[in-house]
Amino acid sequence: MENVVVIVGAGPSGLATSACLSAHSIPHVILEREDIYASLWKKRAYDRVKLHLAKEFCSLPYMPHPADSPTYIPKDIFLKYLDEYVSTFNIQPQYHRSVESACYDEVDGKWRIEARNMQSGDVEVYVAEFLVIASGENSAKYIPDLPGLDSFKGEMIHSNEYKSGSKYANKDVLVVGCGNSGMEISYDLSTFGAQTSIVIRNPFHVVSKEIVRLGMIFSKYLPVFVVDFMVLMMANIKYGDLYKYEIRRPNQGPFHLKATAGRAPVIDVGSVDKIKSKAIKVVPGISRINGKKVLFEDGAEREFDAIVFATGYRSIANEWLKDYEHVLNETGLPKNNFPHHWKGEKNLHCCGLSRRGLFGLSMDAKAIAKEINRVINEKNGKMKGSRRISSLILCPWVRVLIICFSFLVSCVMVKYVV
């Protein structure tokens, strides 16, 4: 099957790219291995989850959230938004297609994508001029290989399997990972009565949703170092010194870290107060696991009924993308720095791998569609006339004539109105 564009993945990144390509009337196909779009949200998001950022930073291209929706949108409302998005832009992914390989044909100058139809078992071949990786950062769960992990006798799950803390009431639960998921799951567990502990090893910033919202607004007008100064000042006023609670702050500011390393601050949902009150206990790194017993780096030992690994995900795109070096590095993330991270060679692009959430993937999708449209138009010779007009407008004497004409028109309009 020959296509202009093949998009791999029907998560928010794939949906956004599809809508942007449709806006340019560019034919495309989406290949999705699951049986539904946005499967991470629809199948694996825990009940309590809300979008951490205000709604103005969490919409997909061409469809802002309704004015009457909450500022911080909960899971059920966001799922309805995605349903409306798919319906509005008539997005029709090809489901049960697991991409097994993609490589660039130097002779034809096109991408050859092999996808297994998971229902029939057949391998389907797609040929495309453009290939967009939209499988996201969260394509495969990551669980660290801890000594003795296989011997654990209790329940052991990844955060993408966690739904609610209701089943863990009065149980001893250890959460491994202190990012946003780990801190929020810890809060949920404690709220439902679990004896909750969380492993905190690395430094991180803690901010509230309101502080982040102000910081994102400030960042439109102020340098990052000024925004970080203001954000940290507000965080200090709200939370005080967290070092005595085993929470250490990085040397660099939260917005600087997000821009340079993709490391997001922890957006507090109430976990910090529970840590301060010792309802959530902070523990150091794990040395080893023996049955239900967990030995920590400080020599302490405790028994747990369950372990929840909120240790994140990894991109596996470079496992099936044979020529990944045109846009990705060895870890499956963009090889180019922001803001040119999305653009690769040989008409290969990636969407949603910048670690900037929904706001970032929307920017990626628009940029990718614009670039593909430019390449297609240039190939078809449609840009020549517009380029001549643009170069003409840039001529100094033409600009002077335009200014003079605009001035005369303004004078006439003023006289007419008066």
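In this predicted model, helix α1 passes helix α10 in a right-handed crossing. The axes of the two helices, which cover residues 12–23 and residues 357–380, come within 8 Å and cross at roughly 35°. On the α1 side, the contact is made by Pro12, Ser13, Ala16, Thr17, Cys20 and Leu21. Facing them from α10 are Leu358, Leu361, Ala365, Lys366, Ala369 and Ile372.

As general background, nonpolar side chains in soluble globular proteins tend to be buried together.

Tyr85 is worth a look on screen. Leaving aside neighbours within four places in sequence, Tyr85 is in contact with Leu15, Ala16 and Ala19, and also with Leu60, Pro61, Met63 and Ile91.

Turning to the chain as a whole, the secondary structure comes to 12 helices and 18 strands. The C-alpha trace spans about 80 × 65 × 35 Å along its principal axes. Buried residues make up 47% of the 418 residues. Among contacts between residues at least 6 apart in sequence, 62% join residues at least 24 apart.

The loop between α9 and β18 (348–350) holds several features, and Pro339 is found there. A cis peptide bond joins Phe338 and Pro339, with omega about 10°. The backbone oxygen of Pro339 lies 3.3 Å from a polar atom of the side chain of Trp342, and Trp342 lies in the loop between α9 and β18 as well. Trp342 counts as buried because its relative accessible area is 11%, under the 20% cut-off. Beyond its neighbours within four places in sequence, Trp342 is in contact with Val327, Leu348, His349 and Cys350, together with Asp364, Ala367, Ile368 and Glu371.

Phi of Asn347 is near 60°, a positive value in a residue other than glycine. With a relative accessibility of 22%, Asn347 counts as partly exposed. His96 can be read alongside it: phi of His96 is likewise a positive value near 60°, again in a residue other than glycine. His96 is found in the loop between α3 (75–88) and β3 (97–105), and at 22% relative accessibility this histidine counts as partly exposed.

Another loop residue, Ser315, lies between β17 (313–314) and α9 (317–320). Its relative accessibility is 6%, so Ser315 counts as buried. Two backbone atoms are reached by its side chain. The backbone oxygen of Gly332 is at 3.0 Å from the side chain of Ser315, while the backbone nitrogen of Ala317 lies 3.4 Å from a polar atom of that side chain.

Finally, Leu232 is found in helix α6, which covers residues 224–239. Leu232 has a relative accessibility of 18% and therefore counts as buried, given that buried means under 20%. Apart from neighbours within four places in sequence, Leu232 is in contact with His205, Arg249, Gly253 and Pro254. The C-alpha atoms of Leu232 and His24 are separated by 42 Å, and the two residues are 208 residues apart along the chain.

Key. Residues are numbered from 1 along each chain as its sequence is written. This is a predicted model: local features need pLDDT of at least 70, side-chain atom pairs count only at pLDDT 80 or more; totals for chains, interfaces and linings use all residues. Side-chain values use heavy atoms; hydrogens and water are left out. Axes are lines fitted to C-alpha atoms, for helices over the stretch in contact, and angles run from 0 to 180 degrees between N-to-C directions. Helices (H or I, at least four residues) and strands (E, at least two) are DSSP runs, numbered from the N terminus. A crossing is left-handed if the near helix is turned anticlockwise from the far one by less than a right angle, and right-handed if clockwise. Contact means heavy atoms within 4.5 Å. Buried means under 20% relative accessible area, exposed over 50%, partly exposed in between (1.4 Å probe, protein chains only). A polar contact is a pair of N or O atoms within 3.5 Å; within protein, one must be able to donate a hydrogen and the other to accept it, and residues adjacent in sequence count only if both atoms are side-chain atoms.
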